Amino acid sequence: MIESLGFRTDLLLLELGGSDLEDTGEYVVARTPDNPNFWWGNFLLFRTPFAPGDVRRRLDAFHAEFPAANHVAVGIDTVDGVIGAEDEVVAAGFEIGRDVVMTAREVVPPARPNEESTYRYLSSDDDWEQLVQLGLVTAPMEVDDLYAEFTRRKVATKRALVEAGYGKWFGAFEGDRLQSSLGLMFDGKGLARFQSVQTHPDDRNRGIGSTLVHRASTYGLTAGGARTLVMVADPEYLAIRIYRALGFTDTETQLQLSVRPGS
């Protein structure tokens, strides 16, 4: 049983997408052999915070599980953002991510709905190729060949999930051009998890993203059969205010610790 709602739904989506999960007791190993550059598809989820002196042992555990990896990615199954021996973790070169896990059981319309775009599901080969390109243009890091391959493989997994009936991928379009997109996947037990809310830089600040999130949320809570929607957001990114305005509330903190290649 995973306490963190964020990681619980992360692991569910990974498993549905073909990743391998192994519970060792101390930690859960998530492996995505088809996409080795996917950090958060190849990571360890520890069940407890770091105790003093744990850093080296946990680094060794990661490298034992992923001997060919050029990154380190570990999570902690907690809801309060407490790392434990944080000074030691930082000194070892870890970057600390504290995302906000948000939930909603009902949503309200956006203050500035966008009625100019067309909203529909992604379906064609061109739609999915545009999703690849949207992922590259909104990338949080420099795009190189490895990142482009990672993005293409990840989109292929998203498409496979949709075509297997686990959820829908929503898009906002200007004509046939994809402006914004997101996924909504269902666990079959009342939870629906948002994935990858992205808006092209040329289309931001027009109410498109908030309208798309609202429409997908409404679908999830009605035709989708979900009772609770789950969204994971960066607390430093402006989009979190949009989610709160639509009715999402902060529920827990998700901890992700990583060491970049070459660090």
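Student: At what angle do helix H4 and helix H5 pack, and how far apart are their axes?
Tutor: Helix H4 (residues 125-137) packs on helix H5 (residues 145-163) at about 140°, and their axes are 9 Å apart. Helices here are DSSP runs of H or I with at least four residues, strands are E runs of at least two, and numbering starts at the N terminus. Axes are lines fitted to C-alpha atoms, for helices over the stretch in contact, with angles from 0 to 180 degrees between N-to-C directions.
Student: Where does this model come from?
Tutor: This is a predicted model, where local features need pLDDT of at least 70 and side-chain atom pairs count only at pLDDT 80 or more, while totals for chains, interfaces and linings use all residues. Residues are numbered from 1 along each chain as its sequence is written, and side-chain values use heavy atoms, leaving out hydrogens and water.
Student: Back to the pair. What do you call H4 relative to H5?
Tutor: The angle of about 140° makes H4 oblique to H5. Under 35 degrees is roughly parallel, over 145 roughly antiparallel, 65 to 115 roughly perpendicular, and the rest oblique.
Student: Is the crossing of H4 and H5 left-handed or right-handed?
Tutor: Right-handed, that is, the near helix is turned clockwise from the far one by less than a right angle.
Student: Which residues make the contact?
Tutor: Among them are Trp-128, Leu-131 and Val-132 of H4, and Tyr-147, Thr-151 and Val-155 of H5. Contact means heavy atoms within 4.5 Å. By class, the H4 contact with H5 has eight nonpolar, three polar and five charged residues. Ala, Val, Leu, Ile, Met, Phe, Trp, Tyr, Cys and Pro are nonpolar, Asp, Glu, Lys and Arg are charged, and the others, Gly among them, are polar.
Student: What about H6 and H7? At what angle do their axes cross?
Tutor: Helix H6 (residues 208-221) and helix H7 (residues 239-246) cross at roughly 45°, with axes that come within 10 Å. They are therefore oblique to each other, and H6 passes H7 in a right-handed crossing.
Student: What meets what there?
Tutor: Ser-210, Val-213 and His-214 in H6 meet Ile-242, Tyr-243 and Leu-246 in H7. That contact has four nonpolar, two polar and no charged residues.
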